[in-house]
Amino acid sequence: MMGAMRISLDSARALLQALVTSSQPYSDRATRVDTNLWLGPRIERADVAHIVERMRVKLILDCGDSENPSLASEDLSGVKRMRCPMLLAGSTVNVNMSDLAACMRAGVEALERKAAVLVHGRDGLYNAPSVAYGILRLRGLSMLEATRAVARRHAAIPRFIEPVEAVVMKALPASRWNP
């Protein structure tokens, strides 16, 4: 019988640090939740080439709580970007409904043209899943189907269901609400 392998605490820390800081392609950090629909964390300058050339993203919906200053608009030539911020102020949700609706509609239109769409936020866990959920709802998926698709991203929780569903109910006739 072999003895247990022992490593020092410093070696364990170094290994964990290497794993955390190792460079991964953006598509390994993002999750495909539906055909051509990606859900991911904040984009960094190093991610741009992979997003444009490999993932072939044509629309980026930025759901972060602030503009990402490290990305200049020329970094993403040929890619449309839209801001769709959703903020929590204490216990209340501050969602600009017209921005939310515009982002959701733009996502649906891009997907109908077979263009890849990336919805991202700071971590891709709350705000971005809400918008991705809304895009899927506008495309005709039921609440359960859209939730399942978004849940493909580990720990993703569409936090803003009420405002998203309000957009869905405004945009679609009652016969297509498909709960």
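Read along the sequence, the protein chain of this predicted model follows the order α-α-β-β-α-β-β-β-β-α-β-α-α-α. This pattern comprises 7 helices and 7 strands. The chain has 179 residues, of which 41% are buried. Among contacts between residues at least 6 apart in sequence, 67% join residues at least 24 apart.

**Helix α5**

Helix α5 covers residues 127–138. At 1.5 Å a residue, its 12 residues should span 16 Å, and the end C-alpha atoms are 17 Å apart, which agrees with that expectation. The helix is mostly covered, since 12 of its 12 residues are buried. The buried residues include Asn-127, Pro-129, Ser-130, Tyr-133 and Arg-137. After α5 comes Gly-140, which has a positive phi, near 105°.

Two packed helices are described by the angle between their axes and the distance between the axes. The table gives the values that concern the two helices.

| Item | Value |
|---|---|
| Residues of helix α4 | 97–112 |
| Residues of helix α5 | 127–138 |
| Angle between α4 and α5 | about 60° |
| Distance between the axes of α4 and α5 | 9 Å |

Angles of 65 to 115 degrees count as roughly perpendicular and those under 35 degrees as roughly parallel; at about 60°, α4 and α5 are therefore oblique to each other. Their crossing is right-handed. On the α4 side, the contact is made by Leu-100, Met-104, Arg-105, Gly-107, Val-108 and Leu-111. On the α5 side, Val-131, Gly-134, Ile-135 and Leu-138 take part. An α-helix has 3.6 residues a turn, so residues three or four places apart point the same way.

Which residues are in contact with Arg-137, leaving aside its neighbours within four places in sequence? They are Ser-142, Met-143, Ala-146, Glu-165, Val-168, Leu-172, Trp-177, Asn-178 and Pro-179.

In summary, α5 is a helix with 12 of its 12 residues buried, and α4 packs with it at an angle of about 60°.

Conventions
Residues numbered from 1 in each chain as written. Predicted model: local features only at pLDDT ≥ 70, side-chain atom pairs only at ≥ 80, totals over all residues. Heavy atoms only, no water. Helix = DSSP H or I, 4+ residues; strand = E, 2+ residues; numbered from the N terminus. Buried < 20%, exposed > 50% of the residue type's maximum accessible area, 1.4 Å probe, protein only. Contact = heavy atoms within 4.5 Å. Expected span 1.5 Å × (residues − 1). Axes fitted to C-alpha atoms, helices over the stretch in contact; angles between N-to-C directions. Parallel < 35°, antiparallel > 145°, perpendicular 65-115°, else oblique. Left-handed = near helix turned anticlockwise from the far one by under 90°.
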